[in-house]
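Let's go through this model by asking what each label rests on.

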Amino acid sequence: MELDTKTPQYMNNDEKSFAYVSARDRWPVIITGAIDDTYRSVSQCDDPAKLNEGKTIVAELASLKYELQHDRQMTPLRDDGEPDIAGYNAELEKLGNPTWFNVPWLFSECYLYRRISTSFSLSTHWKQYDIFSRQKMATFRSSRPAVLELAARYKDIITQMNKDKAKKGTPEHDEAEKILFHEMCEICLWGNATDLSLLTSLTYEDIQKLQGSEARKASEKNIIVNDLESAYQVLKKARDEGKAERRVDIVLDNAGFELYVDLILAGFLLSSGLATQIVLHPKSIPWFVSDVVPQDFADLLSALAQPKKFYETQSEDEKLQDKTPEPLSDKEAGDLAFLFQEWGQQYAEGQFAIRPNRFWTHGGSFWRLPAEKELVDDLKTSELVIFKGDLNYRKLTADAAWDPTTPFTEAIGPMGPGSGVNVLALRTCKADVVVGLRAGEDERIRATEGGGGDSGIRKWAWSGKWAVVSYSGGK
Ligand code: F6P
Ligand code: MG
């Protein structure tokens, strides 16, 4: 494609990159999880036709795993009637019909999830089935301490902001608002440290540690690029200029806890008047394990609508272990009810929109976004488009092996200056690609414990411990 970068992309056979570790170790575990989940649902089936079809899906997933582990040729996707299939298959051909390890990481990983989805979309009884749904909700439930802490914090902030309305426009008010903007964005950023595809290497306990406010404070020094101030100024300027409609878009990443913190940021932007509308962009198919699909909104909101039921009903695992979940206190239930009411009202007033688009699950990078005329024109009407998470960052930078001091504005190619889109990436690092670093920074972090040292591996960038917040003014 003429819009693609000339910088080489990370490849699955590059033994020093996370691509190799992912393809060799993580994907088989993820496919096995998908097989187990489907099998569990199949075994609960009463309808023989559905049961048989479910067994076929399980067999298809098993053969996908076999093909991957034996480095077989990647086969063209079966046509499930969606227009992206042709693009995937054309790309495979252009790549010379490669085997699993002889292919760019980004494309093959997208292909993996798209291929899984065809097994379901081509079925009669399992079309809407989400193999990751159980896992997404279970992890959200296990994030309970951080969820409650944030609900209480959110209530305090919004209540205080409502009291301080008269001070609006004063330097004191602006300063407080700016600090809160930074805090909310950082909460939203670190919410990305907890995606489920990394669960293959992190325990639930590790994840809980990553979510609390103390962890966040301790992690501030780990934000190695921080352009939040530029993003704040863009939103403030639009408001100060009296622009009536000021939209912020969030290209979402993960469901559960991350979606929850995305909504916290969204609610704050609306309540503070830094935005008048929020447009959320979920995926259309189960994607990279934990990414948000529209159903995940409904699941999250119904959990918040009846928090006692959600937290106090025994889960399947708790039943097996004969554990009784701790009841919610009235204060905790009240804080969650406050959140639910706030978001419900904003939604009812049309301030929230959810806009899926198949482009987000294409196999190419966001260098190709300008070719998606309708989508990019829509994004241009936004003051700020926030791209959440690691995969969106990889797609923005084309998952290419840039020198880490390459400016972000250059590494995002056609989405950079002049694109008409103001881009803000909030990303905890879980892959090799990283740009916008000061000279010497990569070397400095490599020399820290677990950073990769002299191995030639940028290991520090794989675990979600470090983060980058990068801005590009496109207007
Ligand atoms: O497996 C590849 C990968 O993109 C990693 O880079 C990352 O760990 C994960 O999948 C997705 O992360 P995120 O949910 O932040 O996009
Ligand atoms: Mg994700």
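Q: What makes Glu109, Asp390, Leu391, Arg394 and Lys430 stand out around ligand 1?
A: In this predicted model, they come nearest of the 17 residues around ligand 1. A residue belongs to that group if one of its heavy atoms lies within 4 Å of the ligand.

Q: Why is the pairing of Arg394 with ligand 1 called a polar contact?
A: A polar side-chain atom of Arg394 lies 2.6 Å from an oxygen atom of ligand 1. The cut-off for a pair of N or O atoms is 3.5 Å, so the pair qualifies.

Q: What about Arg26 and Asp253, how do you know that they make polar contacts with ligand 1?
A: For Arg26, a polar side-chain atom sits 2.8 Å from a ligand 1 oxygen. For Asp253, an N or O atom of the side chain is 2.8 Å from an oxygen atom of ligand 1. Both values are within 3.5 Å, so both count.

Q: How much of ligand 1 does the protein bury?
A: The protein buries 99% of the 390 Å² that ligand 1 exposes when taken alone.

Q: Which elements give two or more residues to the shell around ligand 1?
A: Those are helix H1 (18-43), helix H4 (105-121) and helix H17 (389-396). H17 has the largest share, four residues.

Q: How does the shell around ligand 1 divide by class?
A: There are seven charged, five polar and five nonpolar residues.

Q: Which domains does the shell around ligand 1 draw on?
A: Domain 1 (18-131) and domain 2 (137-472) each give at least three residues.

Q: On to the second largest pocket: what is its volume, and which lining residues are closest to its centre?
A: The volume is about 490 Å³. Of the 24 lining residues, Lys127, Gln128, Ser284, Ile285 and Pro286 are closest to the centre.

Q: Which element gives the most to the lining of the second largest pocket?
A: H4, with six residues; helix H12 (294-305) also gives two or more. By class, the lining has 10 nonpolar, six polar and eight charged residues.

Technical notes: Residues are numbered from 1 along each chain as its sequence is written. Chains are lettered from A and ligands numbered from 1 in the order in which they are written. This is a predicted model: local features need pLDDT of at least 70, side-chain atom pairs count only at pLDDT 80 or more; totals for chains, interfaces and linings use all residues. Side-chain values use heavy atoms; hydrogens and water are left out. A polar contact is a pair of N or O atoms within 3.5 Å; within protein, one must be able to donate a hydrogen and the other to accept it, and residues adjacent in sequence count only if both atoms are side-chain atoms. Accessible areas come from the Shrake-Rupley method with a 1.4 Å probe; for residues, only the protein chains shown count as cover. Ala, Val, Leu, Ile, Met, Phe, Trp, Tyr, Cys and Pro count as nonpolar, Asp, Glu, Lys and Arg as charged, and the others, Gly among them, as polar. Domain bounds come from an automatic or database domain assignment. On a 1 Å grid over the protein atoms alone, a cavity is a set of points where a 1.4 Å probe fits but cannot get out, and a pocket is an open set with protein on both sides within 12 Å along at least five of seven lines; lining residues have an atom within 4 Å of a point. Grid points are joined across faces, edges and corners, and a volume is the space filled by probe spheres set on the points.
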